[in-house]
Amino acid sequence: MRPSPAGDRAWAAGVAVLGGSILVVAGLILLELGGESVLAWRRLGLLRFLVGTDWDPVQDKFGALPFVYGTLVTSAVAILAAVPVSVGLALFLSEMGPKQLRRPVAFAIEVLAAIPSVIFGLWGLFVMVPWLRSTVEPALQRTLGFLPLFRGPTIGLGYLAAGLILAIMILPTIASVTIEVLKTVPLPLKEGALALGATRWEAIRMTVLPYARPGIVGAALLGLGRALGETMAVTMVIGNSPDIHASLFAPGYSLPAVIANEFAEATGDLHVSALAALGLVLFGITVLLNAFAQLLLKTVSRGFQRRPG
Amino acid sequence: MSSLKWRKFVNAFWTAMSGAGVVLAILPLASLLWLVVAQGAAGLSWSFFTSLPAPVGEPGGGVGNGIAGTLLLVAIASVIALPVGIGAGVFLAEQGNGRAGAAVRFVTEVLSGVPSIVIGIVAYGLVVDRMKRFSALAGGLALAFIMVPTLARSTEEFVRLVPGALREASLALGVPKWKTSLLVILRTAAGGIITAVLLAVARAAGETAPLLFTSLNNQYWNLRPDQPTASLTVQIFNYAISPYEDWHAKAWTAALVLLLLVGLLNLLARVLSRNRMEVAR
């Protein structure tokens, strides 16, 4: 074989360098986050930092639990609200709905996915929060007020508002991945069920859903990853108070929100470092979640031909 | 076994529930779009696009410097991200079948899920901390980090869509591999890649979180990369969380401007990709 000309080798090498630069970017992210947060880990200690409940930068007190708690609670609300709606939407678009409606609905979901998060925050702050305060939260209090989740003053700004705005924002992610997953279900499975006399819903429940379940879990995890890291909309509606409350109506705080609010005006090296440490925690959680979701989705799509259309 | 009527009822019930999912998803979208247009349109005027922000209580004023700043940030980000993202995509498509390719692909997927606020911290450490100054460069770098993974993924997809016969025909004519990649493959995939670039730019233009402590903000015009700069998104955020009524109105109008910008980029991408598909057919 003729040795490849210099031009080819240069091209291959150049392209490989650019491909490798992705790994460099990942390395840089890890190094920078580690480097910036090392002071916090050393001075505060991993455990004390993560389970501490007192956050008072002026007195050098840095306990991250209120932010971890707020992030988890709002993301849980978001997932609980978004998964049923997204799966319903995905089933409507790929299985149940009339064909003429599918294109406009799919377009609307694309539009929803393209809206910048600061605009969601603006809408949340001036439209959704007043509505929660005046209508939804009092109604929840009247009907479900026996649960500690739905007690206390109804301010509007708080965990519930943040969770619901997150639900709207992660809906397109979950729905579009679920639609892709539903496409991998082998057609003969469903056709078999229909031929045996199953109604459309029975065919979906007995063949499509069991087959697609791991993929739908993967889609939900991708949505969860987005919810954990979403910053602007949450910052604008969560109330920004570094406390832990059982009630969903109470104002709280989240990991990305505290970084957004305090980083630019951090009062000292330890404060900056503590915020970077929160970023590293967030990075670790989202990377693990995403990696797991990718693996789940790969196992679903591997080995099966995609259904045409 | 339940009766046929019951089964048909259950079928209708779940069909309705999936329809309810559609309604629940569309309602907030409709409300948001309507309010941004209805609340924002009132403040729209030529000077809103061209003038500096006015102090509280003073009439007039606009987001001209924010629009300019967003364009500057997106330009800096594109200069960094386009070669890297597209190059990495070509790598994945041409040499990505081995173990190295799998690793790069996996890291790309994972990077696209990293929260943008975390990317902001990284850009702060890389640029702001070293230059001891907030700057458009830092903001642009953060946006570039956000653009690279999506660009790489979609470039790979579009390069792989190019029929193998095209490459073989070119190689058979004695064209070197590198010229084939550059002049045949990339040229054929160009429409798709431009679509991907437009979508990535639209996403970057709408980012706020990574700019808060990199490019910060600026009350005045700035086009220098080493200076802090205003951006449309940070202005919306600051106006929205302020206690002043007239700043809230400005937040809505600025949101309308941002929505128009992002919508225009998305529309352009859609039109381009539709044309390309018609050609392919």
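**Two residues, two chains and their interface**

Beyond its neighbours within four places in sequence, A:G152 makes contacts with A:S247, A:F249 and A:A250. The structure is a predicted model. A:G152 is placed in the loop that joins helix 5 (117-144) to helix 6 (159-183) of chain A. The C-alpha atom of A:G152 is separated by 26 Å from that of A:M232, a residue 80 positions away along the chain.

A:A162 belongs to helix 6 of chain A. Apart from neighbours within four places in sequence, the contacts of A:A162 are with A:T74, A:V234, A:V237, A:I238 and A:S254. Between A:A162 and A:V185 the C-alpha distance is 35 Å, for a separation of 23 residues in sequence.

Chain A as a whole contains 11 helices and 2 strands. Its elements follow the order α-α-β-β-α-α-α-α-α-α-α-α-α from the N terminus. Along the principal axes, the C-alpha atoms of chain A occupy a box of roughly 75 × 70 × 30 Å. Chain A has 309 residues, of which 50% count as buried. Of the contacts in chain A between residues at least 6 apart in sequence, 77% connect residues at least 24 apart.

Chain B has 10 helices and 0 strands, and its pattern along the sequence is α-α-α-α-α-α-α-α-α-α. The box filled by the C-alpha atoms of chain B, taken along the principal axes, is roughly 70 × 70 × 35 Å. Of the 281 residues in chain B, 51% are buried.

Between the two chains, 72 residues of chain B are in contact with 70 residues of chain A. On the chain B side, at least two residues each come from helix 1, helix 3 (64-95), helix 4 (99-111), helix 5 (116-131), helix 6 (136-161), helix 8 (177-205), helix 9 (232-241) and helix 10 (245-280). The most is given by helix 1 of chain B, with 21 residues. The side of chain B that touches chain A comprises 49 nonpolar, 18 polar and 5 charged residues.

One helix pair illustrates the contact between the chains. The axes of helix 4 (residues 99-114) of chain A and helix 1 (residues 4-41) of chain B approach within 10 Å and cross at roughly 45°. The two helices, helix 4 of chain A and helix 1 of chain B, are therefore oblique to each other. The crossing of helix 4 of chain A and helix 1 of chain B is left-handed. Helix 4 of chain A contributes A:V105, A:A108, A:I109, A:V111 and A:L112 to this contact, and helix 1 of chain B contributes B:V22, B:A25, B:I26 and B:L29. By class, the residues of this contact are 9 nonpolar, no polar and no charged.

Notes
Residues numbered from 1 in each chain as written. Chains lettered and ligands numbered in written order. Predicted model: local features only at pLDDT ≥ 70, side-chain atom pairs only at ≥ 80, totals over all residues. Helix = DSSP H or I, 4+ residues; strand = E, 2+ residues; numbered from the N terminus. Contact = placed C-beta atoms within 7 Å. Buried ≥ 20, exposed ≤ 12 C-beta atoms within 10 Å, placed from the backbone. Axes fitted to C-alpha atoms, helices over the stretch in contact; angles between N-to-C directions. Parallel < 35°, antiparallel > 145°, perpendicular 65-115°, else oblique. Left-handed = near helix turned anticlockwise from the far one by under 90°. Nonpolar A, V, L, I, M, F, W, Y, C, P; charged D, E, K, R; others polar.
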